[in-house]
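Biologist: I would like to learn how to read a structure that is new to me. Could we take one feature at a time?

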Amino acid sequence: MQPIQRVTAPTLDVLDALLSSDGPVWGLLVIKATGRQAGTVYPILERLERQGWIRSSWDDDADRSGPRRRLYEFTADGVEAARSLVAERQTDAAGAARPSRPARPSGRPVTS
């Protein structure tokens with residue numbers, strides 16, 4: 001499994017959507033869960049698969065009408081790496097969101 005070279009907000013959204021699923025999920029559900037465009041989500045899914053984070057397979061539900069769905073799920077190493085990465089980035093974001101504490105004025109006049 002290769003590390004992700006460039007971690008973007010859309011990549012984190014896709015990882016989070018996959019982590020939130022109970023099993024294999026098809027691309028349209030990832031698109032709906034992230035609110036991202038298909039032209040953003042599918043290249044991320046392809047990249048994650050090439051790097052060994054996820055694997056995909058074709059849905060074989062013959063009773064369902066419509067085109068076949070491509071299902072995506074984490075590999076064993078991918079799920080652990082994704083959990084770690086998402087948690088790390090959420091911690092970083094929470095730290096960045098905390099404003100630094102400016103000196104509080106006391107309301108007393110300054111004397112020298």
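Predicted model: local features only at pLDDT ≥ 70, side-chain atom pairs only at ≥ 80, totals over all residues.

Biologist: What share of the residues is buried?

Modeller: Buried means under 20% relative accessible area, exposed means over 50%, and partly exposed is in between, with a 1.4 Å probe and protein chains only. Of the 112 residues in the chain, 30% are buried. As for area, the chain exposes about 8,000 Å², and carbon and sulfur atoms supply 49% of that. Accessible areas come from the Shrake-Rupley method with a 1.4 Å probe; for residues, only the protein chains shown count as cover.

Biologist: What part of the contacts joins residues 24 or more positions apart?

Modeller: A contact means heavy atoms within 4.5 Å. Among contacts with a separation of 6 or more, 57% are between residues 24 or more positions apart.

Biologist: How is the length of a helix checked?

Modeller: The expected span is 1.5 Å times one less than the number of residues. Helix 1 has 12 residues and should span 16 Å, and its end C-alpha atoms are 16 Å apart, which agrees. Helix 3, residues 38–50, has 13 residues and reaches 18 Å from first C-alpha to last, close to the 18 Å expected.

Biologist: Which residues of helix 3 are buried, and why do they lie on the same side?

Modeller: An α-helix has 3.6 residues a turn, so residues three or four places apart point the same way. In helix 3 the buried residues are Val41, Ile44, Leu45 and Leu48. They cover an arc of only 100° around the axis, which puts them on the same side of helix 3. The arc is that of the directions from the helix axis to the C-beta atoms. Gly39 and Arg50, on the other side, are exposed. The buried residues pack against helix 1 (9–20), helix 2 (27–34), strand 2 (54–58) and strand 3 (70–74). Just after helix 3, Gly52 has a positive phi of about 85°.

Biologist: Which residues are buried in helix 2?

Modeller: Gly27, Val30, Ile31 and Thr34 are buried there. Seen down the axis, these buried residues fall within an arc of 100°, so they line one face of helix 2. Lys32 and Ala33 are exposed on the other side. The cover over the buried residues of helix 2 includes helix 1, strand 1 (25–26), helix 3 and strand 3. Gly35 follows helix 2, and its phi is positive, near 75°.

Biologist: Where does Gln51 lie?

Modeller: Gln51 lies in the loop between helix 3 and strand 2. Gln51 is buried, at a relative accessible area of 11%. Leaving aside neighbours within four places in sequence, Gln51 is in contact with Met1, Gln2, Pro3, Ile4 and Gln5.

Biologist: What sits over the ring of Trp26?

Modeller: A charge sits over a ring if NZ of Lys or CZ of Arg is within 6 Å of the ring centre and within 35 degrees of the ring normal. Here the charged end of Arg69 sits over the ring of Trp26, 3.7 Å from its centre.

Technical notes
Residues numbered from 1 in each chain as written. Heavy atoms only, no water. Helix = DSSP H or I, 4+ residues; strand = E, 2+ residues; numbered from the N terminus.
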